[in-house]
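Please work through the exercises below with the sequence and the model at hand. Each task is followed by a solution in steps.

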Amino acid sequence: MAAAPAAEGAPAADASNSSAESLDRLYPAVGSSKPPRKRTTSQCKSEPPLLRTSKRTIYTAGRPPWYNEHGTQSKEAFVIGLGGGSASGKTTVATMIIEALDVPWVVLLSMDSFYKVLTKQQQEQAASNDFNFDHPDAFDFDLIIATLKKLKQGKSVKIPIYDFTTHSRKKEWKTLYGANVIIFEGIMAFADKELLKLLDLKIFVDTDSDIRLVRRLRRDISERGRDIEGVIKQYNKFVKPAFDQYIQPTMRLADIVVPRGSGNTVAIDLIVQHVHSQLEERELSVRAALASAHQYHPLPQTLSVLKSTPQVRGMHTIIRNKETSRDEFIFYSKRLMRLLIEHALSFLPFQTCTVQTPQGQDYEGRTYSGKQITGVSILRAGETMEPALRAVCKDVRIGTILIQTNCNTGEPELHYLRLPKDISEDHVILMDCTVSTGAAAMMAVRVLLDHDVPEDKIFLLSLLMAEMGVHSVAYAFPRVKIITTAVDKKVNDLFRIIPGIGNFGDRYFGTDAPPDWSDDEDALST
């Protein structure tokens, strides 16, 4: 059978009394089943922050727009636990699942990143292959559980980077953001009661012990600088006994067992179909909620539209005209940006301040009462608003976010992020020139929230917005101030604002738009 439910086809443990006691301490007992088959162990490489395949980028530090009226995540991420012996092919199976899913926002999290920090004595043991990395005590389960909980809730997390050549954590940690799907893989993926509760689907990769030993020899020698004698010594002393005692018995906890690992395409197809059905249920419910939020409702009170004076209307006439030259388009866009920035600054907090004039008279005025103003541009079009912000805000700090809308799915993907330090204490002016569906803007806002910027200190500025984008952002983040010079009523099937302004980035920078561009797609990868 390619893939069998654990209760029907997954083998049970046949361990000693001491093993049973250890296992009961780690994970809950289940009903007995068939006797176990002899097998051996697991370890896997930490995944890079961006995984690319021949198809397209399928692992991004992205974020799904699954938020309710309070701006919190309405659906938790779907978490797949992937267990199995050392070198059983868990990482390969995970990559195949990701490729077959072909959806944005898939995080691949390796248990190997969570080895505990070793003492000096343990470091010496590890150097001589006398430390047991295949024992549950070698892993920081508290950090694993805390990390998975935050990821599942859509929050950003810091992930340690483990160096297998020095048996230590590196100084730098990598940041991951929430996702639609989280794949957590490791030899002890099912070896903790609290960890099991976080897994929506448990998969055990069952590969023959001889194959795993050969793979481990190749990996540890070529990638981790070990010698053959040391690898075999470690395998016989720690890896194989640990597999028999701690890893193989967890097969009975799996929802699906995948014999032969990556060679079992039937099992992988079944897994992908199940995950797709789960994602479809979530997507349908969220789309319905968002649709109801902006259909037949007045524009939200958090929206402020620049007064449509004859001057503003005249500039819009020029930049919306398809016959307008690039020079004129840039000139009048900059004028509108300056007016927009000036208008936005009026919403910042001010306090009463008395100064003395050169004539020696008191003047009761106002002064900005916040700590700092920071501008964050959504590349690439958003950066065109930076000069206007710098012109009116002295010593303003600037951050950048690169978000690209996937032309196949219409969903945004986060590709680059650089924010000033201590941004959590600032009022943040988030800049993008056009907002159609609001997907990219919502992702950018969520990234700022992940960096502890209070929601009511975020100001979203855009030259032109569609009603759909306004409602979507306001629905997800009701305390974000939305400021624009105009709001158009429609977005067509290609996510273009109607009547619109065209692709702002291409008109401003003089580049050619692809045939399937959308107004949220000014942030293109280079």
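The model is predicted, so local features need pLDDT of at least 70 and side-chain atom pairs count only at pLDDT 80 or more, while totals for chains, interfaces and linings use all residues. Residues are numbered from 1 along each chain as its sequence is written, and side-chain values use heavy atoms, with hydrogens and water left out.

**Exercise 1.** Determine which parts of the chain the aromatic pair of Tyr-115 and Phe-133 ties together.

Step 1. Rings of Phe, Tyr and Trp (its six-membered ring) pair if their centres lie within 6.5 Å; planes under 30 degrees apart count as stacked, over 60 as edge-to-face and the rest as tilted.

Step 2. Tyr-115 and Phe-133 make an edge-to-face pair, 5.3 Å centre to centre with 90° between the planes.

Step 3. Tyr-115 belongs to the loop between β4 (106-110) and α4 (120-127), and Phe-133 to the loop between α4 and α5 (141-152), so the pair joins parts 18 residues apart in sequence. Helices (H or I, at least four residues) and strands (E, at least two) are DSSP runs, numbered from the N terminus.

Step 4. Both Tyr-115 and Phe-133 are buried. Buried means under 20% relative accessible area, exposed over 50%, and partly exposed in between (1.4 Å probe, protein chains only).

**Exercise 2.** Explain why strand β15 is described as largely enclosed by the rest of the structure.

Step 1. Of the 7 residues of β15 (residues 373-379), 7 are buried, and therefore the strand is largely enclosed.

Step 2. In a regular strand the side chains alternate between the two faces of the sheet.

Step 3. On one side of β15, Ile-373, Gly-375, Ser-377 and Leu-379 are buried, and on the other Thr-374, Val-376 and Ile-378 are buried.

Step 4. β15 pairs with strand β18 (residues 427-431) in the parallel sense over 5 bridges; strands pair if DSSP finds at least two bridges between them. Thr-374 has Val-428 as its bridge partner in β18.

**Exercise 3.** State how many disulfides a search of the whole structure finds, and describe the exposure of Cys-353 and Cys-433.

Step 1. A disulfide is a pair of cysteine sulfur atoms within 2.5 Å.

Step 2. The search finds 0 disulfides.

Step 3. Cys-353 is partly exposed at 26% relative accessible area, whereas Cys-433 is buried at 0%.
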